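Thanks for coming. I will walk through a few parts of one chain, in a plain order, and leave the rest for you to look at.

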Amino acid sequence: MLKVLLARLAQGHRTIPFPGEAPSLPDRFRGAPELDPTKCPDGCQACVDACPTGALAQDAAGPRLDLGRCLFCTDCTEACPAGALRHTTEYRLAVREREDLVIRRTLEKRASALEGKLRSLFGRSLKLRQVSAGGCNGCESDVNVLNTIVFDLGRFGIQFVASPRHADGLLITGPVTENMRLALRKTYDAVPPPKLVIAVGACAISGGPFLDHPEAHNGASSVVPVDLFIPGCPPHPLTILDGLLRLVGRIEEGAGDRGDVPAIP
Amino acid sequence: MNGACFDRLAALHNGQAVSRDRVPELPFLDLRTAILEGVELGGRLAAFFGRKTASGGAVELVAVLALDAEGQLYVGRATPEGASFPALTPECTQAHLFEREIAEQFGLAPEGHPWLKPVRYPPAGEGRSMPSIGVADFYRVAGEEPHEVAVGPVHAGVIEPGHFRFQCHGENVFHLEIMLGYQHRGVERALVGGPTKRTLHYMETLAGDTSIGHALAHCMLVEAMSGTRVPARAHALRGVALELERLANHVGDLGALAADVGFLPTAAYCGRLRGDYLNATALLCGSRFGRGMVRPGGVGFDLDPARAETLVARLDAALRDTRTAVELLWNSPSVQARFEETGTVSREVALELGLVGPAARACGVERDVRQTFPSGIYQFTQLPVATADSGDVFARAQVRWLEIERSVEFIREQVQALPAGACRAQAGAPAAGRFGVSLVEGWRGEICHVATTDASGRFSDYKVVDPSFHNWTGLAMALRGQQISDFPLCNKSFNLSYCGHDL
């Protein structure tokens, strides 16, 4: 017993003061990409050609990046001859509308809070059922981590529950394989209305690396309506937490919209 | 090695590519005999799979035998005549899931297979119908008293989907049948015709918690096929990344085991510490899961001296706290009582099933690719194989702890003596007509990739064997005669991958 107490003392207090203080992220962390079309050489397609998921496109208005498809890899930044693309350490990436993930320079509009009745129902207590539908266990791992003492998700009134009948919504990961389609649909139907759906990761938003595979369905929206999109491959736990807190109105609307990038320690 | 069987096969070392014609083509019965004799002499079936021959139509079977004692791989191929072949499984249990896979993918029936059921439920195609997911002839215990418990695919926690069917008598489990395939997303199919710009991303998401392991196995193959020489510094950094991956997962598993027996202190501490090891990987390459780290020709990110110093300091602190947290497990009789003699797998069963990784080592089987088939940095440094002998949850926990200590020690050594020079060489494209095999000791065990290129240097087939493929049956065996309430504990002690199995 004494050893348990001594260990407790040695381990210390580990819960981060989020969202009160800006978190520390590694300098190499690949957050929101930033595009500078003025640097693009005429007719250059290097980034578009390098992108594994077709997240990048070039049109009359210049390059366009779909963060819903983006794997946050280095293929485009390495291919760009002019340094017109770079990753910032901006981790706040969640949006309410799918089209808000399509950016020209950087992410401008972040998720707004639920409104009216939904806000009053779920603002202080949100129970979620997680469904992994073809995910690689990357997103699942970094969702799970929110339950550790570091993030302590429970202090925000958000909790993962074992049954869809006890849930207010689903948090979906994976591209929705054909083999999970029915199970996902049944789980959704078992959640009592009104209900929310949160799509976490490139797979659940767009199919991710498995985009257009006949064995999968290009994301959660193919089966159920989605209320919150959290991009990444996988999203950092703070990206997920930030998205959840914005949805329930625990992070001030508009925070981060002006591109105030968190400090790097 | 004495044994005519090995003379009939081609010998390869880990991470070697040869002309695809060097893989001997045998009459099927000769290949069958060679495999059976090879396994009898201590070989393991690392891979056994089908592929369509270039001329189309016929299905060719390829076998990769791993001989741990020699550190040699033996390969051979054969094309069975007709729509069936005499199954190996009745004489060689290791072949059971491989033969089910062959039957499912190609409609080629292993005759005499005692347990011929679906593996992944791929979509129907080529004029063949497929059962719907989860539909199978589940084994049932008849009678008034036994009852059946069905769990999944959607589970209570934040976990991947799979279906578990228990045959119970009261609390006791007679038999557990595991039916997977819910994560099947067609990766192996999509790899054919590559490498493409998605290939490396497929590798990093075969099992997202093993991004380094699978990406490394793949890059070893591409480098062997293209004749790329990897700089020494890159080898060292790959080893560092692979051990960091092992650390994060092993520490997380020990915490989860503590949680499953209701011992919350270690569960809480290890949950946090797992993040510290993941963040160490992010310090290296920006991603907690090592995405972008392993690249053909070397690594995507170098380790500068300041970063190396930070890494070692963080690891030292993390190991200190991990030790405090894990020692609580060994010192708490209530934990030991739940770990010991729970989910026991005997050494005989482990050998018969061909288990790999910590699950095998916990049964006293000295099997570790880093030691038996060393490649890259592991050729220059010795990592002692950690084993335990009781084959139970306790042994699987203990093996993990021993490996945690050794991995930290390994990283410290590597980081402090990093070879100078570049960390990445320009990698060429795979040459035409090559065949290669690579093995990597991922944190779950042996990862095996086997690929062949066609006349234009494109993958004509690409086989991935995740360690989970070998080990899921080990979990089913561990549950025999156990209390059903111990399933979460046993499951966590194996912590297998669903997506790595389903591909």
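One term before the tour: an axis here is a line fitted to C-alpha atoms, for a helix over the stretch in contact, and an angle runs from 0 to 180 degrees between N-to-C directions. Please keep in mind that this is a predicted model.

With that term in hand, take two helices of chain B, α14 (residues 393-416) and α16 (residues 487-494). Their axes lie 9 Å apart, and the two helices pack at an angle of about 30°. The crossing of α14(B) past α16(B) is left-handed. Which residues make the contact? From α14(B) they are B:Val393, B:Arg396 and B:Arg400, and from α16(B) they are B:Leu489, B:Cys490, B:Lys492, B:Ser493 and B:Phe494. By type, the residues of this contact divide into 4 nonpolar, 1 polar and 3 charged.

Next, helix α7 of chain B, which covers residues 232-260. How far apart should the ends of its 29 residues be? At 1.5 Å a residue the helix should span 42 Å, and its end C-alpha atoms are 42 Å apart, which agrees. Is α7(B) enclosed or open? Of its 29 residues, 25 are buried, so the helix is largely enclosed by the rest of the structure. Just after α7(B) comes B:Gly262, with a positive phi of about 75°.

Is B:Arg229 buried or exposed? Its relative accessible area is 74%, and exposed means over 50%, so B:Arg229 counts as exposed. B:Arg229 and B:Gln426 are 197 residues apart along the chain, yet their C-alpha atoms are separated by 8.8 Å.

Now the strands. One open sheet in chain B has 3 strands in the order β9-β10-β11, with antiparallel pairing. Its edge strands are β9 (147-151) and β11 (172-179), each pairing on one side only. From one strand to the next the twist averages 20°. β9(B) pairs with β10(B), residues 163-169, in the antiparallel sense over 5 bridges. Within β10(B), B:Phe166 is the residue opposite B:Val149. Across β10 and β11 of chain B lies helix α15 (residues 467-478), which runs at about 160° to β11(B).

Another strand to find is β14(B), residues 434-442. It is mostly covered, with 8 of its 9 residues buried. What does β14(B) pair with? Strand β2 of chain B, residues 16-19, pairs with β14(B) in the antiparallel sense over 4 bridges, and B:Ala17 stands opposite B:Gly436. β14(B) also pairs with β15(B), residues 445-453, in the antiparallel sense over 8 bridges. A hairpin of 2 residues joins β14(B) to β15(B). B:Gly442 has B:Gly445 of β15(B) as its bridge partner.

The last stop is B:Thr372, in helix α13 (residues 369-372) of chain B. Why does B:Thr372 count as buried? Its relative accessibility is 17%, and the cut-off for buried is under 20%, so B:Thr372 falls on the buried side. Setting aside neighbours within four places in sequence, B:Thr372 is in contact with B:Asp68 and B:Gly71.

That is the end of the tour.

Terms used. Residues are numbered from 1 along each chain as its sequence is written. Chains are lettered from A and ligands numbered from 1 in the order in which they are written. This is a predicted model: local features need pLDDT of at least 70, side-chain atom pairs count only at pLDDT 80 or more; totals for chains, interfaces and linings use all residues. Side-chain values use heavy atoms; hydrogens and water are left out. The expected span of a helix is 1.5 Å times one less than its number of residues. Buried means under 20% relative accessible area, exposed over 50%, partly exposed in between (1.4 Å probe, protein chains only). A crossing is left-handed if the near helix is turned anticlockwise from the far one by less than a right angle, and right-handed if clockwise. Contact means heavy atoms within 4.5 Å. Ala, Val, Leu, Ile, Met, Phe, Trp, Tyr, Cys and Pro count as nonpolar, Asp, Glu, Lys and Arg as charged, and the others, Gly among them, as polar. Two strands pair if DSSP finds at least two bridges between them.
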